[in-house]
Amino acid sequence: MLNVAVQMDPVQAVNIEADTTFMLAMEAQARGHRLWFHQPQNLALDDGELFVRAQPLSFRAIKGDHYTLGEAQTLKVADHFDVVLMRQDPPFDMAYVTATYLLETVHPRVLVVNDPAEVRNAPEKLFATHFRGLQPPTIISGDAAILADFHRQHGDVVLKPLHGAAGAGVMRLKADDRNLNAMVETFAAINRDPLVMQAFIPAVSEGDKRIILVDGEVAGAINRVPPKGHLRSNLAVGGTAEPVELSERDLEICRILGPELRRRGLLFVGIDVIGGYLTEINVTSPTGAQQLRRFGGTDAATLLWDVIEAKRRS
């Protein structure tokens with residue numbers, strides 16, 4: 001039996017029919033592992049030792065009655081836990097980054113999934129740029145003039161926040177759109193992060209493939225189709241999941257990424273591919289595993305726990 005701390009968003013709000021963290025936790029329970037719940041703010045570094053105020057957790061597949069939490073206890077992470085699942089949702093802000101620093105103090109004595117240092121070093125839209133030739137034309141900058149030059153060069157583009165998630169803030173600018181400066185000013189009023197601008201991929205109307213990789217190997221994929229007339233296909237903003245076959249180009253992308261993901265200890269990753277182009281590498285709390293299983297695909301939770309258990313035995 002492993003003691004597993006699940007660092008996640010509040011359990012009360014979990015959608016048991018779609019949530020990947022719920023699926024991973026249920027698989028751990030089925031294997032006899034003991035679950036504990038905490039949030040990033042419950043971590044504490046005391047004289048160089050990491051503690052957490054955590055609650056015993058049990059999940060069940062009953063809508064409206066899906067969890068039980070026990071009394072909170074303050075525990076020394078390195079002494080009490082074997083595994084930490086770092087599964088809280090972005091935004092990937094300084095609070096998120098700080099949590100990776102804290103968890104790094106116990107990894108790999110306590111196996112943190114994904115490796116917290118590599119999560120910090122692989123911001124999802126930036127990490128994709130490490131693999132040249134796989135992305136559509138892409139620029140990352142906070143300079144309005146540089147972004148305007150890229151817009152003139154490529155015409156139809158997509159603008160999005162660098163550290164956004166779930167499709168938040170994604171906008172399309174056609175060649176004749178004059179709103180770029182206003183958009184840059186609006187984003188700058190929210191934070192100082194650069195923006196991402198990419199050439200628009202018309203194939204997005206056919207869907208955005210979410211491919212799940214476990215320890216660098218393809219587990220399977222779903223296609224996320226945007227509502228008619230919309231740009232964003234994220235399930236959180238109304239996209240519809242459907243089964244999909246991987247093309248040779250999709251598999252080529254996975255073959256290129258796989259060894260690097262494995263080397264970095266990024267055990268559970270979801271990549272986004274549109275029209276044969278890699279757009280993001282999701283390493284924080286990738287989703288889509290429930291939909292993949294529902295369509296008769298691989299059980300990614302089973303694959304992940306096989307890997308985790310093998311690493312704990314080694």
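How many bridges join strand β14 to β15? Four bridges join the two strands, β14 covering residues 217-225, and the strands run antiparallel. Across this pairing, V225 stands opposite T240 in β15. The model is a predicted one, and the values that follow are computed from it.

The pair belongs to an open sheet of five strands, ordered β15-β14-β13-β16-β17 and paired antiparallel. Its edges are β15 (240-243) and β17 (277-282), each of which pairs on one side only. On average, and with direction ignored, neighbouring strands of this sheet are turned by 30° against each other. Helix α10 lies across β13 (208-214), β14 and β16 (268-274), and runs at about 30° to β13.

The loop between β13 and β14 holds D215. Phi of D215 is near 50°, a positive value in a residue other than glycine. Most residues other than glycine have a negative phi. D215 is buried, because its relative accessible area of 17% falls under the 20% limit.

Two packed helices are described by the angle between their axes and the distance between the axes. For α1 (residues 20-30) and α10 (residues 300-313), the axes come within 9 Å and cross at roughly 55°. That angle makes α1 oblique to α10. The crossing of α1 and α10 is right-handed. On the α1 side the contact is made by M23, L24, E27 and A28, and on the α10 side by A300, A301, T302, L304 and W305. By class, the residues of the contact of α1 with α10 divide into seven nonpolar, one polar and one charged. An α-helix has 3.6 residues a turn, so residues three or four places apart point the same way.

Another open sheet has four strands in the order β9-β12-β10-β11, with antiparallel pairing. Here the edge strands are β9 (138-141) and β11 (171-173), each pairing on one side only. Neighbouring strands of this sheet are turned by 25° against each other on average, direction ignored. Strands β9 and β12 (residues 195-199) pair in the antiparallel sense over four bridges. Within β12, Q198 is the bridge partner of T138. Helix α6 (residues 144-154) lies across β9, β10 (157-161), β11 and β12, and runs at about 10° to β12.

Next comes helix α3 and its surroundings. In α3 (residues 94-104), the residues Y96, V97, A99, T100, L102 and L103 are buried. The buried residues of α3 pack against the strands β1 (3-7), β3 (43-46), β4 (49-59), β7 (83-86) and β8 (111-113), and against helix α4 (116-121).

Most peptide bonds are trans.

The loop between β3 and β4 contains D47. Phi of D47 is near 55°, again a positive value in a residue other than glycine. Is D47 buried or exposed? D47 is exposed, because its relative accessible area of 75% is over the 50% limit.

Terms used:
Residues numbered from 1 in each chain as written. Predicted model: local features only at pLDDT ≥ 70, side-chain atom pairs only at ≥ 80, totals over all residues. Heavy atoms only, no water. Axes fitted to C-alpha atoms, helices over the stretch in contact; angles between N-to-C directions. Parallel < 35°, antiparallel > 145°, perpendicular 65-115°, else oblique. Left-handed = near helix turned anticlockwise from the far one by under 90°. Contact = heavy atoms within 4.5 Å. Nonpolar A, V, L, I, M, F, W, Y, C, P; charged D, E, K, R; others polar. Pairing = 2+ DSSP bridges. Buried < 20%, exposed > 50% of the residue type's maximum accessible area, 1.4 Å probe, protein only.
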